[in-house]
Amino acid sequence: MSLDRKSKVLKKFRKEIRSGIYSYLVLKLLETRELHGYAIRKFFETLTSGKFVPSEGALYDLLKGLQKHGLIESFWVTDVRPRKCYRLTELGKEVLEEIKVEINLLKEVIEKLEEVRE
Amino acid sequence: MNELEVVLSIVMICVGVLTYAFRNTPNPYIGVRMGYTYLSKEAWRKANTFAGIYCILTGFCLLAISVILKPSIPAFLAVLLILVAILAVQSYRTAKETYEREDLRTPANTTRPLKMIGVKPYLLVQLIPIAFYFILASMFWDRLPDTVAIHFDASGRPDNYADKITGTLVIPLIAMAVIPLLTVLASREPMLIRFPVYGKGQKVLFTLLAGVQIFIVAVMMLALLYNVGMVFGELVVWFTIGFSVLLLIWIGWMWRVYRLEVNS
């Protein structure tokens, strides 16, 4: 029972924490390059050795959400069949700059917390 | 109970059964056919499974409505139109989502942008005749009768009428706005069309749409001139038949050129 509760809470927290981090990482990935969805997933796999990779459904919803907010835009590219490629918009670049500051601040806070604990 | 309502409901059920039956068999005749379903078996299956079940269920609902509630034909047609619009939008969304999800797990090799052509010149060719129609309508406004002819039978005699504003401004505006809207839609969403149209295919489609638009505006202008007594009804009919034949030949020729270029 307690184990079940723990896994439920963990699932909820993971979802909350990861959704924000995934959004930031996608924006960061698209900062310097244009990528299609598959390449974005591959980057996650390579960078995290497969430990921190959004599911297909999560990435689809994430890309859709970022597009809806005007942070990224899609365009068609040629391959065996046409497929969507993504890039950062001007608004996306501006938002990313602001978020970077907050992420750095967050990193500092976490480090300080670790130091206090030690 | 109205026969037309029952027939339309049964047609809806039949369409649903056929669509569902062909949900695993992509083909050019039956089912939800657009760029997404044409290029992805998975998108075809999901879109057609949804469309098949939806059509069967709504067909039975419409049948029940027509037998139990006995609505008037316009009310029934309005409900049918709304249901078909929902079917079109949801089938499109299902196909699009399936296609894009499939893309997330399919390795890709290139990021070369798809060659798209500018839609503006084609839109201009479509919009200038509309402006010309309204200039003509304003020039002849005082000469137009209070009731104007809006439809003609095969012999060129008018068989449907409307008041001056509806017949000269509202109906022509709706009729002449459809093609430009389709053009904008096709330029923004190339996978909406059965054969995904980009590059040469897009050029063929936009040229075709411009031709159809010129035809529609010309018919509207002839009807306007008929209403001020400047042309005979027969001219409207003969023009419609003649231009339709020319348009069909033109479409066939353009399609042939497109297929030859694609296969070369």
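## Helix packing in chain B

At what angle do helix H1 (residues 3-21) of chain B and helix H3 (residues 41-69) of chain B pack, and how far apart are their axes? In this predicted model, the two helices pack at an angle of about 160 degrees, and their axes are 7 Å apart. Because angles over 145 degrees count as roughly antiparallel, H1(B) is described as roughly antiparallel to H3(B).

The crossing in which H1(B) passes H3(B) is left-handed. Sorted by class, the residues in the contact of H1(B) with H3(B) comprise 14 nonpolar, nine polar and one charged.

## Domains of chain B

Chain B is divided by the domain assignment into domain 1, which covers 3-104, and domain 2, which covers 120-263. Between the C-alpha centres of domain 1 of chain B and domain 2 of chain B there is a distance of 28 Å.

## Contact between the chains

Chain A and chain B meet in a contact to which chain B gives 19 residues and chain A gives 19 residues. On the side of chain B that touches chain A, the largest share, four residues, is supplied by helix H4 (residues 73-104) of chain B. By class, the residues on that side of chain B are 10 nonpolar, four polar and five charged.

## Helix H2 of chain A

Helix H2 (residues 37-48) of chain A has 12 residues and, at 1.5 Å a residue, should span 16 Å, which agrees with the 17 Å that separates its end C-alpha atoms. After H2(A) comes A:Ser49, a residue whose phi is positive, near 50 degrees.

Note on methods: Residues are numbered from 1 along each chain as its sequence is written. Chains are lettered from A and ligands numbered from 1 in the order in which they are written. This is a predicted model: local features need pLDDT of at least 70, side-chain atom pairs count only at pLDDT 80 or more; totals for chains, interfaces and linings use all residues. Two residues are in contact if their C-beta atoms, placed from the backbone, lie within 7 Å. Ala, Val, Leu, Ile, Met, Phe, Trp, Tyr, Cys and Pro count as nonpolar, Asp, Glu, Lys and Arg as charged, and the others, Gly among them, as polar. Axes are lines fitted to C-alpha atoms, for helices over the stretch in contact, and angles run from 0 to 180 degrees between N-to-C directions. Angles under 35 degrees count as roughly parallel, over 145 as roughly antiparallel, 65 to 115 as roughly perpendicular and the rest as oblique. A crossing is left-handed if the near helix is turned anticlockwise from the far one by less than a right angle, and right-handed if clockwise. Domain bounds come from an automatic or database domain assignment. The expected span of a helix is 1.5 Å times one less than its number of residues.
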